[in-house]
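Visitor: Could you walk me through how to read this structure, one feature at a time? I would like the general idea first and then the case at hand.

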Amino acid sequence: MACRTCLWLLGTTFFTCTVRLVVEGTEVGATQGSHPEPGVVGSNHSQAGGGHGSSISGIQIVTFKWHHVEAPYLIALWILVAGVSKMVVELNHNLTSVIPESALLIIIGWILGGIIYGADKMQTFTLTPTVFFFYLLPQVILDAGYFMPNKLFFSNMGAILVYAVIGTCWNAATVGLGLWGCWLGGAMGDIDIGLLQFLLFGSLIAAVDPVAVIAVFEEVHVNEVLFIMVFGESLLNDGVTVVLFNVFDAFVSLGGAEIDAVEIIKGIISFFVVAFGGSLVGIIFALLISLLTRCTKNIQIIEPGFIFILGYLSYLTAEMLSLSAILSIVFCGICCQKYINANMDERSVTTVRYVMKVLANGSETIIFVFLGISAIDPAVWVWNTGFILLTLLFIFVFRFIGVFLLTWILNKYRLVPLEFIDQVVMSYGGLRGAVAYGLVAMLDENKFKEKNLMVSTTLIVVYFTVMLQGITMKPLVTWLKVKRAAVTELTLAEKIQNRTFDHMLVAIEDISGQIGHNYMRDKWHNFEERWLCWFLMKPSARKSRDYIFNIFHQLNLKDAMSYVKEVRATHKVRESHDNLILQDIVPSVCLDMHEQDLTMRESEDFNAHHLLQQHLYRGRKQVLKHRYSRSHLETNRDENEVQEIFQRTMRSRLESFKSAKMGVAPAKKIQTKHQKKDKPQKVRGEGTFSPFLHVRPHSHPLIGNVMSLSTSLLGFETTSTATIFPLSFNLLLNLFLQIDQSQ
Amino acid sequence: MGSTNSTLSKIPNVEELMQETGFTPAHIVRLYDRFEALDKEKTGHLRPQDFGAINRLAMNPIGDRIIGAFFSPGQETVDFHSFVRILAHFRPADKKHPKDPSMPEPVNSRTSKLKFAFQLYDQDKDGKISRAELLQVLRSMLEMQVTEEQLESIADRTIQEADLDKDDAISFEEFRKSLEKVNIDHKMSIRFLR
């Protein structure tokens with residue numbers, strides 16, 4: 001199987017090269033020059049295409065119209081090759097858990113590059129900046145923005161901004177100045193370069209790369225705060241990178257003499273303009289998308305397309321206005337996710353999610369493969385030991401220093417301080433990637449005599465960080481965190497207790513309002529609920545957003561009660577034969593062991609452990625962990641769980657209230673349906689709140705009618721979910737009592 | 001800092017509270033703000049419905065039990081002192097202070113935390129977790145597809161593992177012993193905001 005796919009892969013590449021060679025050999029007329037890269041339409045091929053017009057000797061039944069299809073064919077072929085490479089890489093899971101996928105893809109890129117070079121004697125396919133920045137990067141970043149855990153991101157925004165802006169500036173300055181100093185000191189020999197060029201190089205190599213970060217942190221499951229720090233930084237530092245790159249590029253063009261205070265001030269201002277302007281463009285497009293999805297009820301089939309098109313447009317618009325394109329598309333994704341998820345039909349939402357992942361994964365694969373291929377090009381390689389080694393050293397060391405320094409300052413103001421180990425991982429996780437390579441390839445050779453040196457160094461830096469740091473990241477994380485011996489199998493009591501603790505912590509956090517209501521956040525929530533949701537979401541979507549509405553619409557007590565009765569009645573029947581439920585719950589291994597007639601105790605024990613493993617409710621915190629993943633989409637299991645728990649809690653509360661209320665003051669009148677907001681009715685003097693009373697559920701014949709009546713009563717709009725809960729609760733309670741009294 | 005002081009002066013016996021629980025003034029102020037936010041009618045006491053207004057708690061399988069833990073037996077309301085005292089259980093343990101045998105056990109020590117957890121199970125406060133009580137907890141934490149007899153078998157096994165004196169119930173000592181290997185301080189602490 002492995003051999004076959006490898007052969008297929010090699011075959012595809014050979015096919016690509018030979019086709020090109022053959023075609024070029026037989027071409028009549030002007031031959032094309034060096035780089036027909038995928039994505040660049042070879043317009044001068046069209047003249048040779050088909051060859052109609054000039055000399056037809058007779059009707060040709062079949063013609064070989066290579067030039068007709070060359071460009072799209074090569075593109076499609078390369079995408080196929082990248083896909084097959086990914087398949088090859090994923091064949092062996094043991095390998096991918098040690099070496100991150102990105103590293104393996106780069107290696108495959110090297111192999112392919114070697115083949116192509118061998119066939120062509122030059123590197124015909126490289127990762128050009130145009131292709132990279134326009135066709136490969138946007139979907140990766142859109143994916144990052146769309147799936148961004150907003151709450152986490154915005155609550156850590158301050159720290160992220162500090163790292164992104166100040167950290168990147170620090171890195172750029174120190175690396176640039178450090179290299180310049182060493183050059184002055186003669187460590188690099190004789191190269192035609194100056195301070196400004198060093199600073200430019202520093203600025204493009206300083207930026208942490210989002211693609212690489214995702215690719216590596218995917219395997220390593222670090223805690224969410226740490227992840228969002230590195231990830232957020234990698235996304236937001238584009239604002240700084242773009243500005244620094246452009247500013248220093250302009251400075252180099254101007255020459256050293258022209259730089260004065262005015263230019264520097266202009267540079268600083270341009271940072272703010274670029275960063276905020278880019279974000280603003282993104283937000284505008286997010287608004288557009290949300291508004292658009294509000295009206296697409298009749299064209300649900302192409303609804304998903306809008307987000308991709310508009311996201312891409314936001315990227316291009318920002319690029320056109322020379323603002324930060326990455327920031328634009330990130331904020332577009334971040335801001336629109338909530339509204340389009342609410343507005344669009346569920347199937348459209350699923351489509352968007354999956355297509356987003358396909359595009360992002362595909363792009364990432366292509367990027368890494370081409371990063372590998374681009375290296376196999378002797379024309380590009382200039383080796384300067386001093387330059388390269390010093391660069392590696394500086395980016396590593398200065399990153400550590402920068403992160404520790406900034407964290408020390410931040411921890412004074414932060415609510416939850418970042419630990420030492422987190423800082424180490426954060427420094428070590430500052431990976432450079434394709435963005436740096438794309439930027440360096442964009443340099444003008446005439447202005448930058450040492451462009452090839454910089455390209456080589458960048459490639460080496462990228463390989464070093466992605467491969468070495470990628471491979472060692474997981475062991476490092478494990479080594480730093482786990483200082484004790486391996487854990488033995490937990491006892492049942494410990495398992496249950498662990499889960500209880502998780503739930504407990506979540507509850508206490510909610511009660512004490514730890515992750516939550518800041519004054520500003522509260523204000524923002526209120527503003528958002530009142531104005532934005534009204535503006536951007538469909539009315540039907542707004543209603544169903546409210547948890548309580550959801551649950552009450554689904555909470556059919558009659559069904560629930562009868563279900564419980566059914567389970568109790570039929571469990572006697574179940575123990576007699578291997579029924580479906582038992583087979584679902586207990587893995588087949590257990591059943592085999594049953595058959596082999598082990599002692600009752602052992603199998604019981606086994607059953608118990610497996611049962612717990614499968615059926616304990618996960619705590620909410622665990623659901624939130626590892627939320628962002630490139631290849632893994634969370635299924636809706638947690639939503640069902642949440643609803644189940646919620647239903648239970650509601651049921652038990654209602655039952656206890658009912659039991660407490662029985663025989664006490666007569667129920668109040670049911671209010672008939674009306675539009676205006678009701679004042680919450682507090683039922684006073686209810687007696688002890690004891691949800692632990694396990695009351696036997698009664699069966700009410702009128703429950704169905706009651707439920708529909710109550711749901712229509714709850715049909716009026718409220719602005720605050722906090723009031724509706726006791727309100728609806730009490731209403732329902734009154735209804736119950738009304739029914740009870742009337743029986 | 002000015003607002004902190006003014007808020008602090010509103011709370012009665014705040015010095016004693018800080019001493020007992022180990023919270024800093026900033027923490028206390030924060031918790032007081034939260035208390036007031038929950039106490040919609042400004043009575044100075046919280047009732048179960050006020051806790052019930054926290055939506056997310058309804059989605060927690062043991063949410064109601066935790067709410068119940070705030071109320072001492074027989075009491076219907078929680079004042080700010082009790083609120084803070086319960087929350088103090090979840091402070092990370094102070095590593096710096098040496099163990100002073102003459103002082104009473106601090107609220108956030110391992111033993112106190114375990115006692116709190118024990119009380120969640122032991123509803124009738126007889127000092128033991130009986131089989132029925134364990135069943136109740138399990139029932140709330142396991143999904144609905146689990147049948148009654150499976151629940152019972154799990155409960156039986158759990159008691160068997162932990163019960164050393166064979167009285168078919170788990171006392172506090174047995175509870176503590178069964179959790180020796182668990183890092184309680186890590187599992188039962190949240191970092192409070194400054």
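Visitor: Where is Asn237(A) found?

Guide: Helices here are DSSP runs of H or I with at least four residues, strands are runs of E with at least two, and both are numbered from the N terminus. By that reading, Asn237(A) belongs to helix α10 of chain A. This is a predicted model, in which local features need pLDDT of at least 70 and side-chain atom pairs count only at pLDDT 80 or more, while totals for chains, interfaces and linings use all residues. Residues are numbered from 1 along each chain as its sequence is written, chains are lettered from A and ligands numbered from 1 in the order in which they are written, and side-chain values use heavy atoms, with hydrogens and water left out.

Visitor: Is Asn237(A) buried or exposed?

Guide: Buried means under 20% relative accessible area, exposed means over 50%, and partly exposed is in between, with a 1.4 Å probe and protein chains only. Asn237(A) has 2% relative accessibility and so counts as buried.

Visitor: Which residues does Asn237(A) touch?

Guide: A contact means heavy atoms within 4.5 Å. Leaving out residues up to four places away in sequence, Asn237(A) touches Ala164(A), Thr168(A), Ala207(A) and Val208(A).

Visitor: How do I read a nonpolar core, and which residues have the most contacts inside the largest one?

Guide: In soluble globular proteins, nonpolar side chains tend to be buried together. A core here is a set of buried Ala, Val, Leu, Ile, Met, Phe, Trp, Tyr and Cys residues joined through side-chain atoms within 4.5 Å. The largest one has 153 residues, and Phe132(A), Leu137(A), Tyr163(A), Ile307(A) and Val425(A) have the most contacts inside it. Helix α10 of chain A, residues 224-254, gives the most to this core, with 16 residues. A second, separate core has 63 residues, including Ile496(A), Leu38(B), Leu87(B) and Ile190(B).

Visitor: What is Phe132(A) in contact with?

Guide: Setting aside neighbours within four places in sequence, Phe132(A) contacts Leu127(A), Leu137(A), Pro138(A), Ile367(A), Ala434(A), Val435(A) and Gly438(A).

Visitor: How many aromatic pairs are there?

Guide: Rings of Phe, Tyr and Trp (its six-membered ring) pair if their centres lie within 6.5 Å; planes under 30 degrees apart are stacked, over 60 edge-to-face, and the rest tilted. The count is 28 aromatic pairs over all chains. One of them joins Trp66(A) and Tyr73(A), edge-to-face at 5.5 Å centre to centre with 70° between the planes. Trp66(A) is buried at a relative accessible area of 6%, whereas Tyr73(A), at 36%, is partly exposed. Elsewhere, Phe396(A), Phe400(A), Phe404(A), Phe420(A) and Tyr428(A) make up one aromatic cluster.

Visitor: Which charged side chains sit over rings?

Guide: The test asks for NZ of Lys or CZ of Arg within 6 Å of the ring centre and within 35 degrees of the ring normal. Among such cases, the charged end of Lys357(A) is over the ring of Phe147(A), 4.1 Å from its centre. Lys412(A) lies over the face of Trp408(A), at 3.8 Å from the ring centre.

Visitor: Turning to chain B, how many residues of helix α7 are buried?

Guide: Helix α7 of chain B, residues 80-88, is mostly covered, with eight of its nine residues buried. They are Phe80(B), His81(B), Ser82(B), Phe83(B), Val84(B), Ile86(B), Leu87(B) and Ala88(B).

Visitor: What is the phi of Lys42(B), and where does this residue lie?

Guide: Lys42(B) has a positive phi of about 55° although it is not a glycine. Lys42(B) is in the loop between α3 (25-38) and β1 (45-46) of chain B, and is exposed at a relative accessible area of 58%. Asp168(B), also not a glycine, has a positive phi of about 60°. Asp168(B) is placed in the loop between α10 (148-162) and β4 (169-171) of chain B, and is partly exposed at 45% relative accessibility.

Visitor: How many helices and strands does each chain have?

Guide: Chain A has 30 helices and zero strands, while chain B has 12 helices and four strands. Buried residues are 51% of the 743 in chain A and 53% of the 194 in chain B.
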